[in-house]
Amino acid sequence: MSDFFKTIKSKGVTLPAEVENLLKSCKGFTVFDTHEQLADAAVGGEDGKVFEVKYDVPGKGEYTEAIVNRVKNGISANYVEPYMRRRDPGTMSVADDLPSDKPRFKDRYGYEFDSLKKETFDWLKDQELAVFFYFAGNKNYNVGVGGIAIAPANAGFFAMGLAMLQRITPVEELDDKFSVESVIYVAPTFRHTHFDGKQAVIHNRTDKVHEIYSYNLYPGPSAKKGLYGALLNKGEKENWITAHCSTAAVISPYDSVTTFMHEGASGGGKSEMLQHIVREPSGEIIIGENTQTKEKRAINLPIFCSFGPVTDDMALCPNELQKDDGKLRVLDAENSWFIRTDSVNEYGDDPTLEKLTINPPTPLLFLNIEANPDSTALIWDHIEDEPGKRCPNPRVVVPRDIVPGVVHKPVTVDVRSFGVRTPPCTKENPNYGIIGLFHVLPPALAWLWRLVSPRGHGNPSIVDSGGMQSEGVGSYWPFATGKMVQHANMLLDQIIKNPRVGYALVPNQHIGVWKVGFKPQMLMREYHTRRGNAKLRRDQYQDARCSLLGYELNYLTIEGSKIPSRFLKVYKQNEVGTEGYDAGAEILYDFFKKELPKFLTPDLSPTGKRIIEACLNGASVEEYSKIIPMSYQYSFMTMEDYDNMF
């Protein structure tokens, strides 16, 4: 133990005093340098095959949180409780007194966090601990926050996931440039003793360290989104954003490159933007299936675009990357990707991901996947929450370094799309599933969609009460600790500073009565990449019937295959008509009117205020376009310029 502290000191790394005291007082700890070492720890050692993660819980006795199996392609962990297999959106509380719009710990639970913090440390001191250093963000470009993770040693699978998602840093690689700016403390028994069995993650921001207390073992709200919160907190201080998006550099059959940045709430199609289109046995591509008549509509594409994946869920947009040329530059904020495989239901649904995960060069972490010891975990073997009901949130953690064609450098964004999970819509049962294959958005409308960020229909990733709910500003608000208006201003500033970026709105799951899955964003990717920088012809689009949807397409042809107009203008579907469409539009308007007024505070920029008030007054598409022009030739201005125009 003393050697560890001597080594750390010789490296020029300073541990927070509380961390050092905890490690010196605990029963014992092991320092890990690789996620492969943590894979062994996840099953109790090099020879382990099966391991139960269990604890003595006061009032409950011995309680098993998860069962972990060593499989041929890594580690497979399954939670005993179905509730723990998805992220609960209400996990976060803020324990400090710094500016925040999030629930304060004291207000929520009725007592000071200091007492719980002491209990947490006392519990950790009685455990054998697993410890490792990590860098959250992008270590190669030194954008992000360094940190240290402290977890009970028997929660090796959780530590493995964290060490993969945010790069584990071996002790020998530490130097005086490494700063411990964040700490994750993991104490899973407190879920039962203090939080009624619910997931809870407490953020405590101090002058030097962003502390994250994870009182559960699902990595979503803590190991992944908890550190996302630390990155957002750093960005708040330095006026930049970590966007909630996937990014792909797409190459057309004619060798032109278009880079897409696909944003959206959980379930909005971020990972799916990095998936390949799967052909039918006939070679055709199914656009969708009519949920009433079971008719299928298909097109033919002789060749697909290829692409290099850049980011899967989080993109750093720091100021030092930007070149003030009208286009946004982004960099991956993760070391591995937390990929949901609910759309992979049988062999052949996603051949690229299947091949990558069946025989990987390094151990992967599988969650909510049915697997036996020494078997091969298959991403379509989803565990059942109950007999006959498959878990909607199966996951695999894949290091980005092993993803074919992955792009390691910053990229320049051409198109920012926003994905929305949409339910079926008919005139008898109208809903907000009125979004066509894709819509072109004026920048002001693109900003509004990022403020309301609808979580949408049938979300598979989180514990959800159903219906249309907001994920909050940027669609990353559940993970942020600060003030939402500040993030609204930063997002608007980012949009204004990058006028050469185009914006699109894309549905997934349904277009009217047609079930489409994630085909709309994939077909948008194919179409825009083939066009390159060419603008749409003015007769190709018109104001959408619902102005919140920007411009709708009059026609769309991809490699000679015409997309039927029923997929572009939902009111042309007989099952929907103008009656069903307008009723769905009213649902959308009501949602925007409910979510936007909270941003109308004195701290909101004047331009932002004009955009929101325009929406609340039923603005036309043209009015949105006048506030922030779509043509970059007239738009090399700052937000201050726009604020002072009126």
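Reply: In this predicted model, His 210 of β11 is the bridge partner of Ser 182. That bridge belongs to the pairing of strand β9 (residues 180-186) with β11, which runs in the parallel sense over 5 bridges. Strand β10 (residues 201-205) is also joined to β11 by 5 bridges, but here the two strands run antiparallel. Within β11, Ser 214 is the bridge partner of Val 201. The strands β10 and β11 form a hairpin, with 4 residues lying between them.

The burial of strand β11 (residues 210-214) may be considered next: the strand is mostly covered, with 5 of its 5 residues buried. Cover is present on both faces of β11. His 210, Ile 212 and Ser 214 are buried on one side, and Glu 211 and Tyr 213 are buried on the other.

An open sheet of 6 strands has the order β2-β3-β4-β20-β23-β19, with mixed pairing. Its edges are β2 (50-57) and β19 (336-340); each has a single partner strand, so one side of each is left without a neighbour in the sheet. From one strand to the next, the twist averages 20°. Arg 340 stands opposite Arg 395 in β23.

The axes of helix α6 (residues 156-165) and helix α8 (residues 220-238) come within 9 Å and cross at roughly 35°. Phe 158, Leu 162 and Leu 165 of α6 make this contact with Ser 222, Ala 223, Lys 224 and Leu 227 of α8. By class, the contact of α6 with α8 comprises 5 nonpolar, 1 polar and 1 charged residues.

Helix α10 (residues 443-452) packs against helix α13 (residues 577-595) at an angle of about 75°, the axes being 10 Å apart. This angle makes α10 roughly perpendicular to α13, because angles of 65 to 115 degrees count as such. From α10, the contact involves Leu 448, Trp 449 and Val 452, and from α13 it involves Leu 588, Phe 591, Phe 592 and Glu 595. The residues of the contact of α10 with α13 divide into 6 nonpolar, no polar and 1 charged.

Key. Residues are numbered from 1 along each chain as its sequence is written. This is a predicted model: local features need pLDDT of at least 70, side-chain atom pairs count only at pLDDT 80 or more; totals for chains, interfaces and linings use all residues. Side-chain values use heavy atoms; hydrogens and water are left out. Axes are lines fitted to C-alpha atoms, for helices over the stretch in contact, and angles run from 0 to 180 degrees between N-to-C directions. Angles under 35 degrees count as roughly parallel, over 145 as roughly antiparallel, 65 to 115 as roughly perpendicular and the rest as oblique. Contact means heavy atoms within 4.5 Å. Ala, Val, Leu, Ile, Met, Phe, Trp, Tyr, Cys and Pro count as nonpolar, Asp, Glu, Lys and Arg as charged, and the others, Gly among them, as polar. Two strands pair if DSSP finds at least two bridges between them. Buried means under 20% relative accessible area, exposed over 50%, partly exposed in between (1.4 Å probe, protein chains only).
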